[in-house]
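Here are my notes on this one, as numbered points. Have the coordinates open while you read.

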4 protein chains.
Amino acid sequence: MVKQPDPARRSERSRQAILAAARELVSEVGYAKLTIEAIAARAGVGKQTIYRWWPSKGAVVLDAFLALSEAGPEGSMALPDTGDVAADLKAVMRATVAEFADPAFEGPIRALNAEIINDPALAAQYREKLAGPVDEAKKERLRSAQRAGQLAADADLDLALELLYAPLYQRWLLRTGPLTPDYADALAEAFLRAMRPAR
Amino acid sequence: MVKQPDPARRSERSRQAILAAARELVSEVGYAKLTIEAIAARAGVGKQTIYRWWPSKGAVVLDAFLALSEAGPEGSMALPDTGDVAADLKAVMRATVAEFADPAFEGPIRALNAEIINDPALAAQYREKLAGPVDEAKKERLRSAQRAGQLAADADLDLALELLYAPLYQRWLLRTGPLTPDYADALAEAFLRAMRPAR
Amino acid sequence: MVKQPDPARRSERSRQAILAAARELVSEVGYAKLTIEAIAARAGVGKQTIYRWWPSKGAVVLDAFLALSEAGPEGSMALPDTGDVAADLKAVMRATVAEFADPAFEGPIRALNAEIINDPALAAQYREKLAGPVDEAKKERLRSAQRAGQLAADADLDLALELLYAPLYQRWLLRTGPLTPDYADALAEAFLRAMRPAR
Amino acid sequence: MVKQPDPARRSERSRQAILAAARELVSEVGYAKLTIEAIAARAGVGKQTIYRWWPSKGAVVLDAFLALSEAGPEGSMALPDTGDVAADLKAVMRATVAEFADPAFEGPIRALNAEIINDPALAAQYREKLAGPVDEAKKERLRSAQRAGQLAADADLDLALELLYAPLYQRWLLRTGPLTPDYADALAEAFLRAMRPAR
DNA sequence: CTGTAACCGAGACGGTACGTCCGGTCTTCAT
DNA sequence: ATGAAGACCGGACGTACCGTCTCGGTTACAG
């Protein structure tokens, strides 16, 4: 039986230093050139302290970003709900397009996604901790539209979300095309046509 | 000025051995644990011979798979066209679902996608050589449907393709949900609702 | 001022466990691969308990062997004295040769000697606790021979002891030659020639 | 089968840099604190280049000193031979005492001896390359004395050498007593008594 | 009889070095 | 004069221990 470390004795100071160092270094050198050794050195921490608590580089970086979002206000997740689904969705999609253009956001998220592709465990964590809450907020907005009779009441919301976001996400991730506000609008419109309630 | 190698003198025997070794090793140990050193050893080739002709590990692997598909018959790319768009699309989507479940296919494609995320040059090559022809065949089927009045004549086919495939692709790549024949059908139906011609 | 531990509160149980573990581990893995950590684990003791009471790995091992010899009967130290110096010395030298061939003896003593070479403090302890009493017994036998007129009365006993033992010891320690009963005899004879009383 | 490096392609420049660095560092920090990493850094060499050609730290240091003595003039090995054995031996022993007092000599030789105790392979190399030639020179002087009728013609020269040097060597190595010119003289005299030709 | 001060087992911590792997460059030799 | 073979420098890997440092718990002496 393998000896497991005791979380009760974990040094919070070290944990914070490591996550901060990871965040800084990802920004400075990029994910691919990030090394455990550099994180440890920057954090003023022994390498073993990283290996003790994280299984991989990806896990550290994921945690580093999780820590950021957990620090943020909880209520900030809710999407706009003016009653006009079309307008609300277009606004959200345009905001997403803008967000994806931010270089500070781009690097780490790309890196994390690349890692996730080959690491199911990391993927699960990512879904649960980062994607999950956001998706739930989005679904909530769609449910509101369903109640308002603007979307089909029997729509599969998982598929709906994919229909709405996957094209945008894929275009960004694989750089298969330009991300413009017009594209955001067109996507929202196609989505609404697909999900319109039956007459 | 940097000395460029002369492609005319390139050893075809070495090129084939390297691509074959790359393909084998990706299957055996996965892309992440693949090393230039191992490819060279397996191919019975000096490392320099790899570095001389390819800029990165990703480029070798990409070439390895390109070589495979180029070997295949050119005409095999066309999609079924029975006149029934709904049936044809469902068949294609179900086939795609099945293909994604094949472990021999899964590993290398995942790896390539992971690499592409962080390497724009590789991404461009991938689009041009692998994704491009396939996408063109798909668009051709959609144009046929447009001519038959089954899809909106003014639809943006790039967006259409994304609407149809991105949800499936993303679900597979990021493992955000199960890939089933029912899912394939639902996706095709949602796509058709979104792209139906206006009355 | 540094806090000194209070010997009165020392756990005898821990002390014994540590010494026993040290002895076992030296036999099992050799001195060079012996670690404080392993001793602590084997003894079921915290590392600090070792560091509290011993300054170095060498000190622990030395103590471990001191504890052994202290446990032995005190009187057993005396050398045979039949009145025939030549016979007595040859017997003792042959016994020493045999002892040096015992693998259980060989490992730890080699290790201790290697350590002693680079650690004067350890050397002093070794001389005082282990070598000293033995040397004294040997000198006692030589004095007896002096009284019997078999050795020069004015001989320097320190040098005498070295003349008798150092060749044997060095041959063993540095493996510069075979240790045989004949060699033991030849050494004893040379010694007697060198130390014979003047006429 | 393990791949062996090809000595023909070995970099002489690297070899020299490594041996020089080893020599310098042994002097500066002592053998115990000497690390492969530091040698590599000082020599401007990859660690692998050391591991490729030497099996252990001890082997590097031994080679470093071998390289020194090989550089020296070959004939310089002969011992003084004035015809007066007693005087010659005392001179040599006193010189040895002086040599052992030199700190630049002391550190590395102590270290090498400590290592040799636990490493038979190293011991064999040491005997062959360093001790051997010196011992041969000493034996030559003794043979000369035998021819002059000053030593027993049938004396075992290996034992003779040990009788003469081992006491001195042991006293120095294990620090069991002071090394003085008087001690050197006494040792030479005892040796001559033991080895005097029978009348 | 009870604090309270020490030792104790346990093990996390900042570090150093290990020995290995591989990246990318440079050199040698055979074809 | 290319290409295989592979040595080279460099640097990160993940592991093993170092010696120090808490952390509760458990004695055992002092008030």
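How many nonpolar, polar and charged residues does the surface near DNA strand E have?

1. By class, that surface near DNA strand E has 10 nonpolar, 14 polar and 16 charged residues. For the bookkeeping, Ala, Val, Leu, Ile, Met, Phe, Trp, Tyr, Cys and Pro count as nonpolar, Asp, Glu, Lys and Arg as charged, and the others, Gly among them, as polar. "Near" here means that a heavy atom of the residue lies within 4 Å of the strand.

2. Before going on, some ground rules. This is a predicted model, where local features need pLDDT of at least 70, side-chain atom pairs count only at pLDDT 80 or more, and totals for chains, interfaces and linings use all residues. Residues are numbered from 1 along each chain as its sequence is written, chains are lettered from A and ligands numbered from 1 in the order in which they are written, and side-chain values use heavy atoms, with hydrogens and water left out.

3. Back to the DNA. Of the 40 residues around DNA strand E, Lys47(B), Gln48(B), Thr49(C), Lys47(D) and Tyr51(D) come nearest.

4. Trp53(A) puts a polar side-chain atom 2.7 Å from a phosphate oxygen. Arg9(A) has a polar side-chain atom 3.0 Å from a sugar or linking oxygen. With Ile36(D), a backbone N or O atom lies 3.0 Å from a phosphate oxygen.

5. Now chain A by itself. An automatic or database domain assignment divides chain A into domain 1 (7–71) and domain 2 (77–195). Their centres, taken over C-alpha atoms, are 28 Å apart. Each domain brings 10 residues to the contact, meaning heavy atoms within 4.5 Å.

6. Between them, the two domains of chain A bury about 920 Å², 79% of it on carbon and sulfur atoms. That is accessible area (1.4 Å probe) lost on putting the two parts together, summed over both. Tyr31(A), Leu62(A) and Leu66(A) supply 53% of what domain 1 buries against domain 2, more than any other three residues.

7. The domain 1 side that touches domain 2 divides into 7 nonpolar, 3 polar and no charged residues.

Key. A polar contact is a pair of N or O atoms within 3.5 Å; within protein, one must be able to donate a hydrogen and the other to accept it, and residues adjacent in sequence count only if both atoms are side-chain atoms.
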